[in-house]
Every structure is written in C-alpha cells, then in structure tokens.
Amino acid sequence: MIAASTNTIVMWDLGSFAKVGEYKGANEFKCIELVQGGDMLFAGTKGTSTTGALLIFDLRKSAMQPIDEKEKNGDIFSITSTPDFVFTGNRNHSVNPFSLKQWTTMPPLQAPHFDAVSSLTVLKSDVLVSGGKDKNLRVYNTLLNNVIY
C-alpha cells in the first residue's frame with residue numbers, strides 16, 4: 001500500500017504491516033498514481049526551476065528515490081493513467097499526457113480549462129474526463145486529442 005501526506009510518500013507491505021519505503025520531498029504531494037501493474041509510481045507536486053512537478057519512482061528498486069522528474073516549474077493537482085499514458089491535471093489549466101512508451105510529455109489536450117484542473121478519470125482507454133476549479137467538466141478523446149464535450 002502506498003500513501004502520500006504533506007511532503008512524504010510511505011509504502012507498506014500489507015502482509016507484514018511493515019513500512020518498506022519512504023520518500024520525503026521538498027514540496028507537498030498533491031496526488032499519486034500506480035501504473036504498469038503497480039511497478040511504477042507517479043507523484044504530483046509543485047515543481048521549481050530545479051525540481052520537477054512529476055516525480056517517477058520504480059518500485060521494483062530497493063531505494064525509494066525518483067528515477068526521473070518531469071514538468072519543471074509546473075504544479076500538478078491530479079493524475080490518472082491508461083496502459084499507454086499518464087495524464088496530469090495542472091495549475092496552468094491544462095491536461096498533459098505523458099507517453100509511457102516514448103517516455104516523454106506530449107502536447108496538452110485541447111481545449112484547456114479556465115482554471116486549474118483538479119480531477120481526472122478515465123472512462124474507457126480513449127475517453128478522459130477532467131474537472132476544473134472553473135466548475136467545468138471536459139470529456140476528451142485521447143486518441144484524437146480533442147474535446148468530445
């Protein structure tokens with residue numbers, strides 16, 4: 001089991017109820033998402049000019065340290081995933097796909113919100129719903145990179 005609270009991510013072995021990993025970051029974690037069968041953890045936080053807002057952990061490694069950082073100077077409020085992508089909802093009103101196959105951030109989905117994106121969910125592998133602080137929902141076709149609603 002993995003949980004995030006303030007600037008700490010903690011991992012427990014539920015068989016023994018022992019803490020098996022801990023990571024303390026510089027900023028508060030706002031969201032986490034397990035991907036690739038639970039082998040990878042993506043954590044959203046506030047990025048700076050030197051640290052990324054999207055921290056990526058390989059949970060198969062013994063040390064709980066990020067293996068990569070993305071989205072410098074960003075601020076991530078929500079994360080969800082499909083088998084091929086991790087999507088982040090950001091303070092800059094955008095939903096950004098991160099390709100797990102190409103290991104890179106793709107262009108933001110169009111059309112953006114008018115305020116920060118606070119929630120994301122995947123309905124089908126190609127339909128993503130985002131909710132924003134602008135009190136709007138957007139329904140995206142992730143294959144075509146466009147808004148359905």
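**Labels and their grounds**

Modeller: Ser 78 lies in strand E8. The model is a predicted one.

Colleague: What makes Ser 78 count as buried or exposed?

Modeller: The relative accessibility of Ser 78 is 5%. Buried means under 20%, so Ser 78 counts as buried.

Colleague: Which residues does Ser 78 touch, leaving out those up to four places away in sequence?

Modeller: Ser 78 touches Cys 31, then Phe 87, Thr 88 and Gly 89, and also Val 117, Ser 118, Ser 119 and Leu 120.

Colleague: Why is Pro 83 called exposed?

Modeller: Its relative accessible area is 71%, and exposed means over 50%; therefore Pro 83 is exposed. Pro 83 sits in the loop between E8 and strand E9 (85-90). The C-alpha atoms of Pro 83 and Val 35 are 7.6 Å apart, although 48 residues separate the two along the chain.

Colleague: What makes a set of residues the largest nonpolar core here, and which residues belong to it?

Modeller: A nonpolar core is made of buried residues of the listed nonpolar types, joined through side-chain atoms within 4.5 Å. The largest such set has 12 residues, among them Cys 31, Val 35, Met 40, Phe 42, Ile 76 and Leu 100. Strands E4 (31-35), E5 (40-44), E6 (52-58) and E8 (76-81) each give two or more residues to this core. E6 gives the most, with three residues. A second, separate core has 11 residues, including Ile 9, Leu 41, Ala 43 and Phe 57.

Colleague: What does Leu 100 touch, not counting residues up to four places away in sequence?

Modeller: Leu 100 touches Gln 36, Phe 42 and the residues Thr 82, Pro 83, Asp 84, Phe 85 and Val 86.

Colleague: How do you know which backbone values deserve a remark?

Modeller: Most residues other than glycine have a negative phi, and most peptide bonds are trans. Phe 17 has a positive phi, near 60°, and Trp 103 also has a positive one, near 55°. The bond joining Gln 110 and Ala 111 is cis, with omega about 10°.

Colleague: Where do Phe 17, Trp 103 and Ala 111 lie?

Modeller: Phe 17 is in the loop between strand E2 (8-13) and strand E3 (18-24). Trp 103 is in the loop between strand E10 (95-99) and E11. Ala 111 is in the loop between strand E11 (104-105) and strand E12 (117-124).

Colleague: Why do Phe 17 and Trp 103 get their accessibility labels?

Modeller: Phe 17 has 67% relative accessibility, and the cut-off for exposed is over 50%, so Phe 17 counts as exposed. Trp 103 has 28%.

Colleague: How do you know whether the radius of gyration agrees with a compact globule?

Modeller: A compact globule of 149 residues would have a radius near 15 Å; the protein has 15 Å, so the two agree. The C-alpha trace spans about 45 × 30 × 30 Å along its principal axes. Of the 149 residues, 45% count as buried.

Colleague: How many helices and strands are there?

Modeller: There are zero helices and 15 strands.

Key:
Residues are numbered from 1 along each chain as its sequence is written. This is a predicted model: local features need pLDDT of at least 70, side-chain atom pairs count only at pLDDT 80 or more; totals for chains, interfaces and linings use all residues. Side-chain values use heavy atoms; hydrogens and water are left out. Helices (H or I, at least four residues) and strands (E, at least two) are DSSP runs, numbered from the N terminus. The radius of gyration is taken over C-alpha atoms; the globule rule is 2.2 Å times the number of residues to the power 0.38. Buried means under 20% relative accessible area, exposed over 50%, partly exposed in between (1.4 Å probe, protein chains only). Contact means heavy atoms within 4.5 Å.
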